[in-house]
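Visitor: I have a model to go through with you. Please tie each label to its cut-off.

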Protein chains: 2
Amino acid sequence: MEGLDGLSIARLAEAVGMSKSGLFAHFGSKEELQLATVATASELFDEIVINPALGAPTGIERLRALCENYLRHVEDSVYPGGCFFASAAAELDTRLGPVRDLAIEVVGDWLEQQRKAVRDAQAEGAIDPSEDPEQLAFELEAYLMAANQMFVISQDPAPIEQARRAIARRLLAATPTAG
Amino acid sequence: MEGLDGLSIARLAEAVGMSKSGLFAHFGSKEELQLATVATASELFDEIVINPALGAPTGIERLRALCENYLRHVEDSVYPGGCFFASAAAELDTRLGPVRDLAIEVVGDWLEQQRKAVRDAQAEGAIDPSEDPEQLAFELEAYLMAANQMFVISQDPAPIEQARRAIARRLLAATPTAG
DNA sequence: AGTTATTTAGCACGATCGTTCGTGTGAACT
DNA sequence: AGTTCACACGAACGATCGTGCTAAATAACT
């Protein structure tokens, strides 16, 4: 079993060489363990996807770096099931509670990072001002999500390359001179 | 619990007013129940998404109908968790066995339907011959997947509309005269 | 009507899960 | 040295699950 619900205290305890009750005492409840898992995944995502992109000198470069870092963390199989939050979102989408809320918040922040990079790129003149940042971020995120999903299912890097082409094409279409 | 693994014979039996063992005898194993579920979902998907589009007189109209029917079945909440196969694919992606194989086959057939519609539209001159059908189908499928995921998570129809705009824009860019 | 299939129910099993409780153990502190 | 505190342990609980087994009921058929 996989996923946040399949993460069992019993199996995790065995994996780390602790007793079930000993590990349980550390978290207090399964929900707390799930929250800690999502929080840790969020930190890791910041570390390997978002933060390395924040040093980019311009908005358009930051936008490209965000997309590329995401695709690389997928094709490097940081998680066996692809992007942690894509899996988590699919699992938690119809549930209620703090675990879902936290996961949604992380995903929302990620999307906002992309929108902000688009707006900055517009302010710098690298993206046409007629582009709707929400719309453009949606389309870029769509390529990333599709690449993640198809790559994990097919174990074939082709979708990653298709996403790279789609992103390049879309950003080209959004540049003021070529748009 | 949700998903194909969360579908338990015990709860299903209670829901349909049968005994657990009585219902179990119908399928023989949980795996068979999951296979039957996927098969039924596939038939329903054919019925409400694919088949109504097959009557379209041209490839480009069929392509548009496939996308629109998919979006509509998402926003109509045919399933509470959005597209059945998007959820199933996310759940089964790292698993092995016939259930995964069947789900992947259905998703593969769906993507092939889109590719074929693109090729037909090219043959009819409605889509530029320089477009790679694989690439275009990937991008359209990406919009659909993203709309599904975001709609279910946010309970907000905005992503559906963003997908419609993205599809319209992408198909416009792919027309021979405007491309 | 009587025989034969087919379907359903009832019950029990072993496994796994989250959680609770009482206990021990070792470090930190007075 | 004696006390306190944080931590880990083992055992047990109730719940839920998939799965067999056996018998009762229902349907089909001659």
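Guide: In chain A, 60% of the contacts with a separation of 6 or more join residues 24 or more positions apart. Two residues are in contact if their C-beta atoms, placed from the backbone, lie within 7 Å. This is a predicted model: local features need pLDDT of at least 70, side-chain atom pairs count only at pLDDT 80 or more, and totals for chains, interfaces and linings use all residues. Residues are numbered from 1 along each chain as its sequence is written, while chains are lettered from A and ligands numbered from 1 in the order in which they are written.

Visitor: How many helices and strands are there in chain A?

Guide: Chain A has 9 helices and 0 strands. Helices (H or I, at least four residues) and strands (E, at least two) are DSSP runs, numbered from the N terminus. The C-alpha trace of chain A spans about 65 × 30 × 30 Å along its principal axes.

Visitor: Why is helix α6 of chain A called largely enclosed?

Guide: A residue is buried if 20 or more other C-beta atoms lie within 10 Å of its own, exposed if 12 or fewer, and partly exposed in between; C-beta atoms are placed from the backbone. In α6 (residues 84-92) of chain A, 9 of the 9 residues are buried, so the rest of the structure largely encloses this helix. Among them are Phe84(A), Phe85(A), Glu91(A) and Leu92(A). For chain A, with 179 residues, 38% count as buried.

Visitor: What do the buried residues of α6(A) pack against?

Guide: They pack against α1 (3-6), α4 (30-54), α7 (98-123) and α8 (133-154) of chain A, together with α6 and α8 of chain B.

Visitor: What makes up the side of chain B that touches chain A?

Guide: By the contact rule, 28 residues of chain B are in contact with 29 residues of chain A. Elements giving two or more residues to that side of chain B are α6 (84-92), α8 (133-154) and α9 (158-173) of chain B. The largest share, 11 residues, comes from α8(B). By class, this side of chain B has 15 nonpolar, 7 polar and 6 charged residues. Here Ala, Val, Leu, Ile, Met, Phe, Trp, Tyr, Cys and Pro count as nonpolar, Asp, Glu, Lys and Arg as charged, and the others, Gly among them, as polar.

Visitor: How do you know how the two copies are related?

Guide: Copies are superposed by least squares on the C-alpha atoms of residues with pLDDT of at least 70 in both. A rotation of 180 degrees with 0.0 Å of shift along its axis superposes chain B on chain A, RMSD 0.0 Å. The two copies are therefore related as by a two-fold rotation axis. In chain B, the C-alpha nearest the axis belongs to Ala142(B), 2.5 Å from it.

Visitor: Which residues are the closest to DNA strand D?

Guide: Ser19(A), Ser21(A), Gly22(A), Ala10(B) and Lys30(B), out of 15 that surround DNA strand D. α3(A) gives the most here, with 4 residues.

How values were computed:
A residue is near a molecule or strand if its C-beta atom, placed from the backbone, lies within 6 Å of it.
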